[in-house]
Amino acid sequence: MHESFMKEAWSGRIDREEVPELSLRLHQCVQPFAPSGQSSSDGVVVIGFCSDEGVKRNQGRIGAAQAPNQLRRYLSQLPWQANLPVYDAGNIDCQDGQLEAAHLALAEQVALVLAHRGFPFILGGGHEVAYGSWLGLVTHLERTIADHSVRPTIGIINFDAHFDLRKAEQSSSGTPFYQIAEACNARNIDFHYACFGVSETANTLALFERADALNVCVRKDKALTLLDLPSASAQLASFMEACDLIYLTIDLDVFPAAVAPGVSAPAPRGVSVEVIESLIDGIKATGKLAVADIAEYNPTYDIDNHTARVAARLFYTITRG
């Protein structure tokens, strides 16, 4: 990791008048991820996935490739503690539209972080990031579990207005979970997928039928109000009981456009931050969370950096204690 990258990516206020150990921010604590020089990176490891090729293929509005570096600026300001290690593994770039190669590169980086006992947190990028994140977790398990007849069950939890289960000739931001389902079938492992926040106006009947055929655990946006929270939490808890590990992915278009305007496809209704945060707390409480990512932030369309601030809050909610 180049020192110049770290200085540019992570910078912010330093409260010199305060007690130092009580006034730290994340930019003062983050270190380069250097696995060759350390036996363990037991902490959060940030990975940027600079791709909106999947969004482009999906005929969406591009701009998400610029998200990781912009998000780092807002993560930098988060209050932090020196005893909570956090590292930066740099960016995976999608060169010349080669999304499939970028997926493999991301998977290798995620697997490397997991091999060093780190917690990979990937900053997308379009939601095509999901296939690479999941593949990295699977790759790590395949390399570390000698008895392949013993396979941990991976539960995928997606907070999203879209199923992203479309069939297509080439991968895109609308296909990652169908790709994962196909990859599970090829590997003879179970596909466990929960999608919360689904909008009836953003998914065709074909997608609802495919979700049903794949036994997806579904919760629509209109059934995710604060009044619905006890029922939603119970539904998610039931899903997680059958899982050994959890991969959490958040498409920022799950939130209302007024809250998260800077996304590839703004939501006219969406789900409140309070509900999503409460569900995240339930996920963390299981102790099963292994990988997380945030997708579809598009700085080009953000208003007063509202969406970046929401993403930073989600990062804090997921990674802090």
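Predicted model: local features only at pLDDT ≥ 70, side-chain atom pairs only at ≥ 80, totals over all residues.

Me: Great. Which residues does UniProt list for "binding site"?

Reply: The unreviewed UniProt entry lists H127, D160, H162, D164, D251 and D253 under that feature. They span 127 residues in sequence, yet no two of their C-alpha atoms are more than 12.4 Å apart, so they gather at one spot. UniProt positions are in the numbering used here, feature names are shortened, and annotations may be inferred rather than shown by experiment.

Me: Where does D164 sit, and is D164 buried or exposed?

Reply: D164 is in the loop between strand 5 (154-159) and helix 7 (176-187). Helices (H or I, at least four residues) and strands (E, at least two) are DSSP runs, numbered from the N terminus. D164 has a relative accessible area of 8%, so it is buried. Buried means under 20% relative accessible area, exposed over 50%, and partly exposed in between, using a 1.4 Å probe and protein chains only.

Me: What does D164 touch?

Reply: Not counting residues up to four places away in sequence, D164 touches H127, S173, G174, T175, P176, F177, Y178 and D251. A contact here means heavy atoms within 4.5 Å. The side chains of D164 and H127 are also joined by a polar contact of 3.1 Å. For a polar contact you need a pair of N or O atoms within 3.5 Å; within protein, one must be able to donate a hydrogen and the other to accept it, and residues adjacent in sequence count only if both atoms are side-chain atoms.

Me: And D253, which residues is D253 in contact with?

Reply: Leaving aside neighbours within four places in sequence, D253 is in contact with D160, A161, H162, V263, A265 and A267. The D253 side chain makes a polar contact with the side chain of H162 (3.1 Å), and a polar atom of the D253 side chain lies 3.4 Å from the backbone nitrogen of A161. D253 is in the loop between strand 8 (245-251) and helix 10 (273-285), and it counts as buried at 3% relative accessibility.

Me: What about D251, where is D251 placed?

Reply: D251 is in strand 8 and counts as buried, at 2% relative accessibility. Its contacts, leaving aside neighbours within four places in sequence, are H127, N158, F159, D160, D164, A295 and E296.

Me: Which residues does a cis peptide bond join?

Reply: A cis peptide bond joins G124 and G125, with omega about 20°. G125 is in the loop between strand 4 (119-124) and helix 6.

Me: Changing topic: how do helix 5 and helix 6 cross?

Reply: The axes of helix 5 (residues 99-115) and helix 6 (residues 129-144) come within 7 Å and cross at roughly 45°. That makes helix 5 oblique to helix 6. Residues making the contact include H103, L104 and A107 of helix 5 and Y131, G132 and L135 of helix 6. Axes are lines fitted to C-alpha atoms, for helices over the stretch in contact, and angles run from 0 to 180 degrees between N-to-C directions. Angles under 35 degrees count as roughly parallel, over 145 as roughly antiparallel, 65 to 115 as roughly perpendicular and the rest as oblique.

Me: Is H103 buried or exposed?

Reply: H103 is buried, with a relative accessible area of 3%. Not counting residues up to four places away in sequence, H103 touches F49, E128, Y131, G132, S171 and Q179.

Note on methods:
Residues numbered from 1 in each chain as written. Heavy atoms only, no water.
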